[in-house]
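This briefing presents the strands, cores and aromatic residues of one protein structure. Please keep the sequence and the structure in view while reading.

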Amino acid sequence: MEKRRSWACTFVLQVSLFIAFYLALNLDQRPTSIYNSRKGTRTPLDVYFLSVRGGYRPLKQRALLLKQMEKVANIYRARFVVNISELGEDDPLTQNASRLFPPQKIPWYSTRVSKGREAGCFLEQINITCGKTLTVVGLDTGLLQDFMGSTSGFKNGQLNWLTETLEATTNSWIIVSGYHPVVICDKERVEAKQIYGALHNIFMKYGVNAYISRQGCNCHTVQDGVAYIGIADSIESEPLNSSNRRLAFRSFHRDTVNDWFLLHRVGSLEITTYFVSSAGKIVNKAVIKQRGKVDM
């Protein structure tokens, strides 16, 4: 009788420990609300901005996404929005955002893919604190794609403009955005297999912290100290896990994401990027540390 009682107690204890472990694991992985994360993370000196993948969306899906973006932008006092698109100002998401995001209050900057025409680029610089600034550069990657490996004047002009812009930045966070991904991965191995060398070398030389584009690899991967952040197409794709195991990511739940955008928090020491679903849930998070220019 005593042995049976001891065995029963041991069994109950093991089951209880298993249940506790299971609950702890799943509760830790449950997506948290972007509105709850504001507590204890925001400082008056932080600068916030949003980025999103442009393109066509069904009316209901587009309205839900823009409404969630408007709410997040107002709560975090976002300074601007970067729209990753190939259509520039003609992008349907940009055109439908004007009512919720008045240009004089929260301007939208859209990337563009030109076909042998004048380049569509943009530059935004914001002071953060103690002389430190945030520099956001928009590239027209269509010119680079069309003349990959050539010595076209369009390509050289764009790279020269980028180089001159980055040379002029001092004590700054630098984020570059463009439609085409610079790093493309093998989906099975999730490793970088193609890097547009000229652009990547410029990023390394001038201390670019991150490049934001449509998703070509993972939602976030790091190559030679440069963070490559990809935003998936709203209909075809979903955010993938990071290939950099040293970065702490929140878990992604397939049933919580049908469309998403990014909230970037820029501080003096780091940039935190939150991957936010159209339901207002954080499905991923990445932290970028400051790095400097290097001699090459």
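Leu50 stands opposite Leu263 of strand β13. The model is a predicted one, and the points below are grouped by topic.

**The sheet**
- Strand β2 (residues 47–53) and strand β13 (residues 260–266) run antiparallel and are joined by six bridges.
- Helix α2 (residues 59–76) packs on the sheet, where it touches β2, β3 (81–84), β4, β13 and β14 (270–277). The direction of helix α2 makes about 10° with that of β13.
- The open sheet consists of seven strands in the order β1-β15-β14-β13-β2-β3-β4, with mixed pairing.
- Because β1 (32–33) and β4 (108–110) each have a single partner strand, they stand at the edges, and one side of each is left without a neighbour in the sheet.

**The nonpolar cores**
- The largest nonpolar core has 29 residues, of which Phe80, Leu134, Ile175 and Val266 touch the most other members.
- A second, separate core contains 24 residues, including Ala73, Val81, Phe261 and Ile282.
- Leaving aside residues up to four places away in sequence, Leu134 touches several residues, among them Val47, Phe49, Phe80, Trp173, Ile175 and Val266.

**Aromatic residues**
- Nine aromatic pairs are found in the whole structure.
- The ring centres of Phe203 and Tyr228 are 6.3 Å apart and the ring planes lie at 40°, so this pair is tilted.
- Because Phe203 belongs to helix α6 (residues 197–205) and Tyr228 to strand β12 (residues 226–231), the pair ties together parts that are 25 residues apart in sequence.
- Phe203 is buried, at 0% relative accessibility, and Tyr228 is buried with a relative accessible area of 5%.
- One aromatic cluster is formed by Phe49, Phe80, Tyr109 and Phe122.

Key. Residues are numbered from 1 along each chain as its sequence is written. This is a predicted model: local features need pLDDT of at least 70, side-chain atom pairs count only at pLDDT 80 or more; totals for chains, interfaces and linings use all residues. Side-chain values use heavy atoms; hydrogens and water are left out. Rings of Phe, Tyr and Trp (its six-membered ring) pair if their centres lie within 6.5 Å; planes under 30 degrees apart count as stacked, over 60 as edge-to-face and the rest as tilted. Helices (H or I, at least four residues) and strands (E, at least two) are DSSP runs, numbered from the N terminus. Buried means under 20% relative accessible area, exposed over 50%, partly exposed in between (1.4 Å probe, protein chains only). A nonpolar core is a set of buried Ala, Val, Leu, Ile, Met, Phe, Trp, Tyr and Cys residues joined through side-chain atoms within 4.5 Å. Contact means heavy atoms within 4.5 Å. Two strands pair if DSSP finds at least two bridges between them. Axes are lines fitted to C-alpha atoms, for helices over the stretch in contact, and angles run from 0 to 180 degrees between N-to-C directions.
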